[in-house]
Amino acid sequence: MEASLTLTQPDDWHVHLRDGAMLKQVARYTACRFRRAIIMPNLNPPVTTIAAATDYKKRILAATSDYPDFQPLMTAYLTDTIDGDELRAGYDEGIFSAAKLYPVNATTNSAFGVSDIKRIYPVLNIMQQIGMPLLVHGETVSPDIDIFDREAVFIETVMVPLLSEMPELKVVFEHITTKEAIDFVTAASDHVAATITAHHLQINRSDMLTGGIRPHLYCLPVAKRETHRQALRKAATSGNNRFFLGTDTAPHTTDEKESACGCAGIFSAPHALESYAQVFEEENALDKFEAFASLNGPAFYGLPINDRKISLIRTKQTIPEIIGSGELSVLPYRAGETITWKVRDTGEI
Ligand code: DOR
Ligand code: ZN
């Protein structure tokens with residue numbers, strides 16, 4: 001059994017850092033582990049302009065000043081009326097690394113999302129031309145579609161037609177949860193990749209609903225049945241360079257989570273790396289961990305591989321029951337559990 005593991009410092013290709021006091025509280029959990037992070041733009045109001053992204057980036061850098069090497073990679077939030085020239089200029093200037101598609105009302109702060117993808121085809125065409133990645137929340141939301149089928153329906157009704165129309169468009173299918181998504185990405189061209197969260201590798205829908213409803217395991221896309229989780233674990237640990245790490249860490253306060261209508265999102269940043277390591281160990285694939293965590297993402301985004309290393313050691317640690325206090329209390333993923341890996345070298349919080 002491995003006692004320690006050293007790998008190129010990872011990046012997190014899908015992060016919600018929020019804003020204001022919550023940003024100040026949570027940002028360091030990402031910045032102390034990951035060199036770069038793709039920052040989701042679903043603020044209220046959403047990040048749709050160069051000016052808004054520039055300001056938000058400044059606030060993130062201020063919140064992570066203890067980790068000066070941390071690089072937030074900003075994204076634009078696509079709306080029905082998004083300005084293609086603004087996206088092009090933002091990408092050219094290096095302000096936007098990508099743009100995010102939220103189907104309208106699919107998840108947290110998606111009320112300004114896209115109502116029909118065809119409406120933004122002209123903008124997506126620009127992105128295809130300039131090589132700007134499209135990051136996709138891949139769920140079709142409609143009263144007649146079962147919530148557990150949203151991802152599969154999205155593939156058939158949105159992804160397939162989109163890629164047949166724009167085969168050169170770079171697409172990251174974010175936080176995939178189904179075998180259908182794995183099969184789709186595996187069969188697609190190498191312009192298409194996917195991120196996989198630690199929690200979707202570790203929990204299925206029964207975990208969320210057995211012995212009582214567990215709001216802190218509720219996220220979107222919602223965890224699916226066990227066969228899908230097994231397929232995700234196989235894909236993540238396969239060494240296929242189209243799959244890479246994206247935690248989708250998404251903090252909400254305990255009040256927002258433990259409510260009659262609780263918010264979707266799992267705050268996984270503090271121990272996500274350890275959770276991924278555990279999965280790779282259980283799958284006898286620790287030799288594939290570095291590719292998933294540190295190499296495949298930069299290769300897809302056309303960025304250099306990080307020059308620093310980090311180590312994880314095999315030692316028990318217990319995850320805190322709560323992070324923050326009062327109105328800002330947030331339960332971390334696996335709160336109170338004892339886990340087997342611990343990150344060394346990037347500094348403690
Ligand atoms: O669970 C989720 N939380 N899924 C998302 O797509 C958004 C995120 C959030 O912002 O809270
Ligand atoms: Zn997300």
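Strands β10 and β11 run antiparallel and are joined by 6 bridges. The description rests on a predicted model.

- The open sheet is formed by 3 strands in the order β1-β10-β11, with antiparallel pairing.
- From one strand to the next, the twist averages 35°.
- In general, the strands of a sheet pair through backbone hydrogen bonds, in either a parallel or an antiparallel manner.

**Helices across the sheet**
- Helix α11 lies across β10 and β11, and runs at about 115° to β11.
- Helix α12 lies across β1 and β10, and its direction is at about 30° to β1.

**Gln317 in strand β10**
- Gln317 is situated in strand β10, which covers residues 309-318.
- Its relative accessible area is 13%; Gln317 is therefore buried, the limit being under 20%.
- The side chains of Gln317 and Glu274 are joined by a polar contact of 3.0 Å.
- The Gln317 side chain also reaches the backbone oxygen of Trp341, at 3.0 Å.
- Apart from neighbours within four places in sequence, the residues in contact with Gln317 are His271, Glu274, Glu337, Thr338, Ile339, Trp341 and Lys342.

**Helix α9 and its surroundings**
- Helix α9 (residues 226-236) has the buried residues His228, Arg229, Ala231, Leu232, Arg233, Ala235 and Ala236.
- These buried residues pack against several elements, among them α6 (179-187), β8 (192-196), α7 (198-202), α11 (272-282) and α12 (289-301).
- The axes of α6 and α9 come within 8 Å and cross at roughly 30°.
- Angles under 35 degrees count as roughly parallel, and α6 and α9 are therefore roughly parallel to each other.
- At this crossing, Lys179, Glu180 and Ile182 in α6 meet His228, Ala231, Leu232 and Ala235 in α9.

**The zinc site**
- His14 (NE2), His16 (NE2) and Asp248 (OD) coordinate the zinc ion (ligand 2) at 2.0 to 2.1 Å.
- The spacing of these donor residues in sequence is H-x1-H-x231-D.
- His14 belongs to strand β2 (residues 12-15), while Asp248 is in the loop between β9 (243-245) and α10 (254-257), so the pair ties together parts that are 234 residues apart in sequence.
- Both His14 and Asp248 are buried.

**Thr140 in a loop**
- Thr140 is found in the loop between β6 (134-136) and α5 (150-165).
- With a relative accessible area of 17%, Thr140 is buried.
- Setting aside neighbours within four places in sequence, Thr140 is in contact with Ile145, Arg150, Val153, Phe154, Thr157 and Val158.
- A polar atom of the Thr140 side chain lies 3.5 Å from the backbone nitrogen of Phe154.
- Thr140 and Thr157 are 17 residues apart along the chain, and their C-alpha atoms are separated by 8.3 Å.

How values were computed. Residues are numbered from 1 along each chain as its sequence is written. Chains are lettered from A and ligands numbered from 1 in the order in which they are written. This is a predicted model: local features need pLDDT of at least 70, side-chain atom pairs count only at pLDDT 80 or more; totals for chains, interfaces and linings use all residues. Side-chain values use heavy atoms; hydrogens and water are left out. Donors are N, O and S atoms within 2.8 Å of the metal (3.2 Å for Na, K and Ca); water is not among the atoms, so sites may look incomplete. Helices (H or I, at least four residues) and strands (E, at least two) are DSSP runs, numbered from the N terminus. Buried means under 20% relative accessible area, exposed over 50%, partly exposed in between (1.4 Å probe, protein chains only). A polar contact is a pair of N or O atoms within 3.5 Å; within protein, one must be able to donate a hydrogen and the other to accept it, and residues adjacent in sequence count only if both atoms are side-chain atoms. Contact means heavy atoms within 4.5 Å. Two strands pair if DSSP finds at least two bridges between them. Axes are lines fitted to C-alpha atoms, for helices over the stretch in contact, and angles run from 0 to 180 degrees between N-to-C directions. Angles under 35 degrees count as roughly parallel, over 145 as roughly antiparallel, 65 to 115 as roughly perpendicular and the rest as oblique.
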